[in-house]
Amino acid sequence: MKQAGVKIDGVIYSLDGDIGHNVFLEEFLAFIERKGWSYGGESYQIDEENRQIDDIDS
């Protein structure tokens with residue numbers, strides 16, 4: 001049987017100000033792992049104009 005999944009293509013912003021890339025990934029991956037799921041893909045930090053920026057957690 002072929003496995004079905006969900007593709008995510010979007011942007012997440014915090015209502016409380018900036019969200020750092022590393023902080024987001026830690027929380028996101030913890031959620032995924034708690035569910036027994038896996039994630040494969042790429043991610044990067046962006047600004048409000050959708051331009052890639054250096055990670056603000058660095």
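Asn 50 lies in the segment after α1, where helices (H or I, at least four residues) and strands (E, at least two) are DSSP runs numbered from the N terminus. Asn 50 is exposed, with a relative accessible area of 53%; buried means under 20% relative accessible area, exposed over 50%, and partly exposed in between, with a 1.4 Å probe and protein chains only. The phi angle of Asn 50 is near 65°, a positive value in a residue other than glycine.

This is a predicted model, in which local features need pLDDT of at least 70 and side-chain atom pairs count only at pLDDT 80 or more, while totals for chains, interfaces and linings use all residues. Residues are numbered from 1 along each chain as its sequence is written, and side-chain values use heavy atoms, with hydrogens and water left out.

**Overall architecture**

- The protein chain has one helix and zero strands.
- The radius of gyration of the protein chain is 13 Å, whereas a compact globule of 58 residues would have a value near 10 Å; the radius is taken over C-alpha atoms, and the globule rule is 2.2 Å times the number of residues to the power 0.38.
- The C-alpha trace of the protein chain spans about 40 × 20 × 20 Å along its principal axes.
- Of the contacts in the protein chain with a separation of 6 or more, 46% are between residues 24 or more positions apart, a contact being heavy atoms within 4.5 Å.

**Surface and charge**

- Of the 58 residues in the protein chain, 14% are buried.
- The protein chain has an accessible surface of about 5600 Å², with 48% of that area belonging to carbon and sulfur atoms; accessible areas come from the Shrake-Rupley method with a 1.4 Å probe, and for residues only the protein chains shown count as cover.
- The protein chain carries 5 positive and 13 negative charges, whose mean positions are 15 Å apart.
- Lys and Arg count as positive and Asp and Glu as negative, with His and the chain ends not counted; each charge is placed at NZ of Lys, CZ of Arg, CG of Asp or CD of Glu.

**Gln 45 and His 21**

- Gln 45 is located in the segment after α1, the helix of residues 21-34, and is buried because its relative accessible area is 10%.
- The side chain of Gln 45 reaches the backbone nitrogen of His 21 at 2.8 Å. A polar contact is a pair of N or O atoms within 3.5 Å; within protein, one must be able to donate a hydrogen and the other to accept it, and residues adjacent in sequence count only if both atoms are side-chain atoms.
- Leaving aside neighbours within four places in sequence, Gln 45 contacts Ile 19, Gly 20 and His 21, together with Arg 51, Gln 52, Ile 53, Asp 54, Asp 55 and Ile 56.
- His 21 belongs to helix α1 and is likewise buried, at a relative accessible area of 16%.
- Not counting residues up to four places away in sequence, His 21 touches Ser 43, Tyr 44, Gln 45, Asp 55 and Asp 57.

- Ile 32 is placed in helix α1 and counts as buried, at 9% relative accessibility.
- Ile 32 touches Trp 37, Ser 38 and Tyr 39, residues up to four places away in sequence not being counted.
- Ser 38 is found in the segment after α1 and is exposed, at 70% relative accessibility.
- The C-alpha atom of Ser 38 is separated by 13 Å from that of Ile 8, and the two residues are 30 residues apart along the chain.
- Leu 29 also has its place in helix α1 but counts as partly exposed, at 32% relative accessibility.
- Between the C-alpha atoms of Leu 29 and Val 11, which are 18 residues apart along the chain, the separation is 16 Å.

**Ser 14, before the helix**

- Ser 14 is in the segment before α1 and is partly exposed, at 29% relative accessibility.
- A polar atom of the Ser 14 side chain lies 3.0 Å from the backbone nitrogen of Asp 16.
- Ser 14 and Phe 24 are 10 residues apart along the chain, and their C-alpha atoms are separated by 9.8 Å.
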